[in-house]
Amino acid sequence: MELQKFTYDNRLTNFFIWATVGWGVVAMLVGLTAAFELIFPNMSGEISWLVFSRIRPVHTNAAIFAFVGNGFFAAIYYSMPRLLKTPMFSKAMGNIHFWGWQLIIVLAALTYPFGFSQSKEYAELIWPIDILVVLIWVVFGLNMIMTLVKRRVKHIYVAIWFYIATWVTIAVLYIVNNLAIPVTWTLSYPIYAGIQDALVQWWYGHNAVAFFLTTPILGMMYYFIPKVANRPIYSYKLSIIHFWALIFLYIWAGPHHLLYSALPDWAQALGVVFSVMLIAPSWGGMINGLLTLRGAWDKVREDPVLKMFVVGVTAYGMSTFEGPMLSLKTVNALSHFTDWTIAHVHIGTLGWNAMMNFGMIYWLIPKLFKTKLFSVKLANIHFWIATLGMLFFSIPLYFAGFTQALMWKEFTAEGFLAYPNFLETVTQILPMYYLRAFGGTLYFIGALLFVYNVWKTAAQGSFMRYESDEAAPKALPNPKESGHRKLEGRPLQFTVAALVVILIGGLVEIIPMYLVKSNIPTISAVKPYTPLELEGRDIYVAEGCYLCHSQMIRPFRNETERYGEYTKAGETVYDHPFQFGSKRTGPDLARAGVKTLPNYKPDSWHYNHMINPQKVSPESIMPQYPWLADNEIDLSVTPDKIRVMRTLGVPYPEGYEDKAVADLQAQYAEIANGLRSSGIDVGDNKEIVAMIAYLQRLGTDVYNSK
Amino acid sequence: MKIVINQLEQIAGIEIYPIISLLIFFTFFILVAYMVMRTDKKEIDELSNMPLDNNNDLQNDDNQQI
């Protein structure tokens, strides 16, 4: 048969690689800044856009979407054409994808530090940017699918299945989790409230880990490990089972982020069961990757690329073992809300994602620039610094996690909390935060060596934009084929099959939450927020308070003793969006407003504490928020907020939006006068008063009804 | 939509559906495993060599597109 000649265009692969390198440095630098802010809380001073709670989303989003995202896009644009023996379908679509994605990243960096956030972790982007994300994602997916249609080979290699699953699942998750009604160009309220919102968010959040940080990287693994080691994957059959089992199971695991919360038990149980089952396919994948290198360990000793891959896949194995363990209720009771989670995710990102990216780029850049790696020695040094940096980062945080959780739970012989003051449990683990910052610094230095090395490599070579190849034209499908072979040959059907598989898990979990009223018992005492409290809540969201303060008291004796009655699902029905949080760097605030509880603080305390926390508690690591006393509430939007909330089902009476501002001002005057009488000079319409009103409302409904 | 929701709300023991889904997964898993076991060894070899086969015959055309 006559062979057809064609060329591969390396331009976009190259672009995505440099975007990965650049954004990787940014993501790590911001992360490092955040790590230092936790030990030097006054680092951000009066600069609002530098405060921990606003830059933390910059760090997480840059690491996930900019560093890991661009990395696997580079892998896709390199491996797909070569596996399918055809160039990518459309250069224009590729360009739109590349530049559109970078624009999204820049927009994220320009919005988060200035307080524009939806407060859903890893989905904080405001709604206009969300729409842009969806459009760019569609262009990327169409380009992939059309390339599949145009391919010259009959069957589709397993790496590409992982790419397709990534695309289809992220599309579903992203859209469902971001459904919201806009109030202004920068503000929207999600259509879900409270516990339902939390379930949707963590269904998304966990599957962002699964389908953005895992499946595409597994695709990378299945392509690049065989390629670099020059030997086929250990077991292709295992890879098929790995793929289907992984995508089927992953989609269910989200509720393990909400164990012991107000989520119904059956949903929690589902999350746990499927999380534990996930060990099997995850380890199947890890074993498949590592055993590909059997008989090639001599190469691993010499080649920094393979070393990175080995540590990467090993870290994948470790975190996918740890994940299911953390989702066991007994372990989770200890680990949740502590630094243990932070350590866990960094084994995943610094170990698995980043090492795979580094390895791939160390291998690709010399290929694309027709040269050798500038310095193998430097790459080896990077390998060691990165590995040590990761361990110095994570191990102290494991200790911090255990220590703090145990301190929270400890009772004296008389039956009182051993550490009733939350701050004691923070100062105890501060040395671990210093070590974490040290580990992060090491890792960052390694990354700088990496940048220097790949830059010098590129500089000493010359970029090879086009490569030619030849292949026979695609054979017509064989009508006798059946089963999986047939499915593999048909990309559209395959995509639909993957979609169906992930939808089963998603629908089974989420639909009953919406349909069964008994899942969310209503509490008649729970009333909508007043306009001032609502404004305060929006400020709480914008400042990112949820990143350090939870609003979810679990039904444990130590928590009810410390924070008050545990949180009920019915208390959250007007919370668009939910504010459960996922980490307690500071104490839980779910009952911050209840006067009869031991940790209640008066308005003046909150005022002084937000202006300068260290003045109130010298050892506090909370940053200062002095701008809250300067910034004013925009009263022109208040009626719209009420209107949108009512559309979402919050029972504000018809026409209340017209009275809302007057009510707001009355409540404002009451709080402001109280502050003034205790010697605090507060102006009119200041954000800080709205924030105090919100904090003083938290958790009070249930107590007041008694 | 409301009609559908109201209908579904009436279903007694809708919570059973997680158990059904576990069964779906189990069946699905057995099916995939069966299909994989049936697959021809030659095809598997061909598939697993896909990333490797354009290693040597690549030509660089000095940045000229054909």
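Helix 5 and helix 7 of chain A run roughly antiparallel to each other, a label kept for angles over 145 degrees. The model is a predicted one, in which local features need pLDDT of at least 70, side-chain atom pairs count only at pLDDT 80 or more, and totals for chains, interfaces and linings use all residues. Residues are numbered from 1 along each chain as its sequence is written, with chains lettered from A and ligands numbered from 1 in the order in which they are written.

The axes of helix 5 (residues 158-177) and helix 7 (residues 215-229) of chain A come within 8 Å and cross at roughly 165 degrees; axes here are lines fitted to C-alpha atoms over the stretch in contact, with angles from 0 to 180 degrees between N-to-C directions. Helices are DSSP runs (H or I, at least four residues) numbered from the N terminus. Residues in the contact (C-beta atoms, placed from the backbone, within 7 Å) include Phe162(A) and Tyr163(A) of helix 5 and Leu218(A) and Tyr222(A) of helix 7.

Further along, helix 12 (residues 304-326) of chain A has 23 residues and spans 32 Å from first C-alpha to last, close to the expected 33 Å (1.5 Å times one less than the number of residues). This helix 12 of chain A is mostly covered, with 18 of its 23 residues buried (20 or more other C-beta atoms within 10 Å, C-beta atoms being placed from the backbone).

His336(A) sits in the loop between helix 13 (329-335) and helix 14 (339-368) of chain A. His336(A) counts as buried because it has 26 C-beta neighbours inside 10 Å.

How values were computed:
Helix = DSSP H or I, 4+ residues; strand = E, 2+ residues; numbered from the N terminus. Buried ≥ 20, exposed ≤ 12 C-beta atoms within 10 Å, placed from the backbone. Parallel < 35°, antiparallel > 145°, perpendicular 65-115°, else oblique. Contact = placed C-beta atoms within 7 Å.
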